[in-house]
Amino acid sequence: MSFIEIRNLRKVYRIGSEKVVALNNINLDIERGEILCILGTSGSGKSTLLNMLAGLEKPSRGTVTIGGKYDITKLSENRLTRFRQKNVGFVFQSYNLLPALTAIENVAMPLLFQGVGKSKRNKLALQMLNEVGLKSRARHKPTQMSGGQQQRVGIARAFVAKPKIVFADEPTGNLDTKTTYEVMNLMVKMSRENSQTFILVTHDSEISLFADRVIRIIDGNIESDERVTEEQRAVLKEELEKIRLEKEAEAEKEAAEKEQRKAAKAEAQKGKGKKSKPDKKAKKGKEPSEAQGGKLKKRLFEGLFRKSKNPQPETVQVELKAGEPSEPSAAQQTPDEQKKDEQGAVAHE
Ligand SMILES: Nc1ncnc2c1ncn2[C@@H]1O[C@H](COP(=O)(O)OP(=O)(O)O)[C@@H](O)[C@H]1O
Ligand SMILES: [Mg+2]
């Protein structure tokens, strides 16, 4: 039996007398640990399918059985909410971070839902931020971060509780090409490391090459179901290598320019016959810039094409003074759940 079994899944939306068949009759088996892409043009039914798999919407007909246990189409809303909190992570196109919370607070949110204590929560969240290369941004709020950084926080949040399934609906839709590749690389690497099932929705066939298997969907029907070939992967690998080298060159250039500025400044001070003052910034131990973070880049680009075992988590010292929200809030929730929360309908265990 497959990890996820979709049988005769159909979804029809009715608007007045209009009928839209979003999913016609989907049959699909997804294995545990599979990295699957659902590829299709806008309006083809991708998000509808994803929502059915996550139990966010009920189908008109058909079943979605997960782990041989639940037909999630039959679960009550309360049990579905618990099922999602325990088993599912989401990455959204628009990040969906809570603006009032810092990066670390956003990332810790799913752990809060699971009843993990504060210090462990913070420790795991910081560890996760470290993995996505944003440890130094732990106390930043979403508005203080770039789109790519926000999505990396979103990824950290989706993966922090080690859910069995991670869904990503057009996760790179708002990102530039380089950031897209980095973000994809990161998600695929994390999924592989933890043997998580990763289900990606995109309209971009290039992005689909990050997956092991690509399902193409047209007008609510599966049109093809193919493995990504070694050849295709080689092309992607080449692209990634190009970006890595470009970034490396950029970082080197930046470092060289910095050196030059430093030398010029020292020269100027010597000319004035002054003693050179200590560099305040250097004294404060300024955080390295993203471009200088050679280690981060290496991490981003390694491990995509190999299946690695669970790494030993690094121990991270946590010192947090940031305020803690006392109530689970909407960070890890889907828009539907948020709506329900607003109506006071979500039950907490
Ligand atoms: N809540 C809804 N009410 C009515 N029609 C919908 C709704 N959600 C999606 N649809 C329709 O179903 C079809 C598939 O939509 P969707 O799954 O969002 O496509 P995709 O994610 O591939 O762009 C589209 O024709 C869309 O207009
Ligand atoms: Mg969509």
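This briefing covers a sheet, the helices beside it and the shell around a ligand. The model is predicted: local features need pLDDT of at least 70, side-chain atom pairs count only at pLDDT 80 or more, and totals for chains, interfaces and linings use all residues. Residues are numbered from 1 along each chain as its sequence is written, while chains are lettered from A and ligands numbered from 1 in the order in which they are written.

**Sheet**
- Six strands form an open sheet in the order 6-7-8-3-9-10, with mixed pairing (strands are DSSP E runs of at least two residues, numbered from the N terminus; two strands pair if DSSP finds at least two bridges between them).
- Strand 6 (88–92) and strand 10 (221–227) are the edges, each with a single partner strand, so one side of each has no neighbour in the sheet.
- Strand 7 (residues 165–169) pairs with strand 8 (residues 197–202) in the parallel sense, over 5 bridges.
- Val166 stands opposite Phe198 in strand 8.

**Ligand 1**
- The residues around ligand 1 include Tyr13, Gly43, Lys46 and Thr48 (near: C-beta atom, placed from the backbone, within 6 Å).
- Strand 1 (4–15), strand 2 (18–30) and helix 1 (46–53) each supply at least two residues of this shell (helices are DSSP H or I runs of at least four residues).
- Helix 1 gives the most, with 3 residues.

**Helix pair**
- Helix 3 (residues 103–113) and helix 5 (residues 147–159) pack at about 30°, with axes 7 Å apart (axes are lines fitted to C-alpha atoms over the stretch in contact; angles run from 0 to 180 degrees between N-to-C directions).
- Helix 3 and helix 5 are therefore roughly parallel (angles under 35 degrees).

Technical notes: Angles under 35 degrees count as roughly parallel, over 145 as roughly antiparallel, 65 to 115 as roughly perpendicular and the rest as oblique.
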